[in-house]
Amino acid sequence: VSDDCPPPDSPDVTTGVSKHYYTKIAPYNSKPIMIVSLHFIAFPTRKDRCQQRQSQARLIQEIVQKNYRGDREELIITGDMNDFDGDVPDVSASEPITCALKMLKSTTRYTGAPPPTAIAANNAAPLPPTLRNVAQYAPQAKRYTAYYQPNKRICQKPPLHLSSIDHLLFSDGLYQRVHNVDFAHDLYREPCYYEQPLYSDHWPLIAVVATTNSSHATG
């Protein structure tokens with residue numbers, strides 16, 4: 001995380017999340033699942049967007065804190081987060097400059113500092129995140145969801161300009177039951193407008209979850 005980005009609790013910038021929703025479903029043979037979907041502000045490497053994206057992550061975190069029932073439910077946070085996960089490197093080993101993903105993966109208020117219990121224990125590491133990125137189940141070479149080349153007349157082949165900015169974050173109960181994870185790159189090639197119609201500059205990320213705990217994930 002860049003030193004140029006202020007702490008998550010910085011009051012300097014407040015930015016809303018215009019594209020988000022949450023719902024709860026009750027699948028068969030499973031706890032209820034709270035699903036939060038979102039779309040954050042673009043350009044993950046621009047420092048002038050850093051505070052805004054962290055502010056958006058804070059708002060989503062507050063929605064989770066108010067509505068998620070902890071051990072009685074599972075939780076999924078998903079969407080175009082327009083940021084990298086430093087804990088699960090993508091194909092280009094992209095490094096985040098914000099704490100946005102760390103904030104989203106913690107259902108308690110993430111401040112970037114160890115919790116009081118850790119500080120008391122000789123500054124031990126912070127507690128592990130509540131949510132985990134299902135991309136961990138896939139080989140790093142497959143971890144990309146977006147192609148970005150500002151010059152649309154240039155089409156450079158992978159891994160240039162590839163990154164993972166769309167994520168599926170699962171609570172532990174669901175994460176342990178993931179059966180398969182697929183970055184659906186076979187749907188279309190990198191979106192070079194002169195080679196084919198521009199369907200999207202993103203690829204879907206798909207996770208199949210078993211209804212029991214007897215799952216072994218593959219990527």
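Student: How many helices and how many strands are there in the protein chain?
Tutor: Welcome! This is a predicted model, in which local features need pLDDT of at least 70, side-chain atom pairs count only at pLDDT 80 or more, and totals for chains, interfaces and linings use all residues. Residues are numbered from 1 along each chain as its sequence is written, and side-chain values use heavy atoms, with hydrogens and water left out. Helices (H or I, at least four residues) and strands (E, at least two) are DSSP runs numbered from the N terminus. Counted this way, the protein chain has four helices and nine strands.

Student: What is the strand order in the open sheet of five strands?
Tutor: Two strands pair if DSSP finds at least two bridges between them. The pairing in this open sheet is mixed, and its five strands have the order S1-S2-S3-S7-S4. S1 and S4 (131–133) each have a single partner strand, so one side of each is left without a neighbour, and the strands at the edges are S1 and S4. To complete the picture, the order is S1-S2-S3-S7-S4, with a twist from one strand to the next that averages 20°.

Student: Which residue in S7 is the bridge partner of Asn133?
Tutor: S4 and strand S7 (residues 166–171) run antiparallel and are joined by three bridges. In S7, the partner of Asn133 is Leu169.

Student: How far apart in sequence are the parts that the salt bridge of Glu73 and Lys24 ties together?
Tutor: The side chains of Glu73 and Lys24 meet at 2.9 Å, N to O. Glu73 lies in the loop between helix H1 (50–67) and strand S3 (74–80), while Lys24 lies in strand S1 (residues 19–25), so the parts tied together are apart in sequence by 49 residues.

Student: Is Glu73 buried or exposed?
Tutor: Lys24 has a relative accessible area of 37% and is partly exposed. Arg69, whose closest N and O atoms to Glu73 are 3.1 Å apart in a salt bridge, is partly exposed at 38%. Glu73 has a relative accessibility of 3%, and counts as buried.

Student: What volume does the largest cavity have?
Tutor: On a 1 Å grid over the protein atoms alone, a cavity is a set of points where a 1.4 Å probe fits but cannot get out, and lining residues have an atom within 4 Å of a point. Grid points are joined across faces, edges and corners, and a volume is the space filled by probe spheres set on the points. The structure holds two cavities of 30 Å³ or more. The volume of the largest is about 40 Å³.

Student: Which residues line the largest cavity?
Tutor: The lining is made of Asp85, Val88, Asn133, Ala135, Ser164, Asp166, His167, Phe183 and Leu205.

Student: What is the phi of Asn82 near?
Tutor: Asn82 sits in the loop between S3 and helix H2 (100–104). Asn82 is buried, with a relative accessible area of 6%. Although Asn82 is a residue other than glycine, its phi is positive, near 50°.

Student: How far apart in space are Leu187 and Pro204?
Tutor: Leu187 is in the loop between strand S8 (178–183) and strand S9 (205–209), and is exposed at 53%. Leu187 and Pro204 are 17 residues apart in sequence, and their C-alpha to C-alpha distance is 8.8 Å.

Notes
Salt bridge = Lys/Arg side-chain N within 4 Å of Asp/Glu carboxyl O. Buried < 20%, exposed > 50% of the residue type's maximum accessible area, 1.4 Å probe, protein only. 1 Å grid on protein atoms, 1.4 Å probe; cavity = no way out; pocket = protein on both sides within 12 Å on 5 of 7 lines; lining within 4 Å. Axes fitted to C-alpha atoms, helices over the stretch in contact; angles between N-to-C directions.
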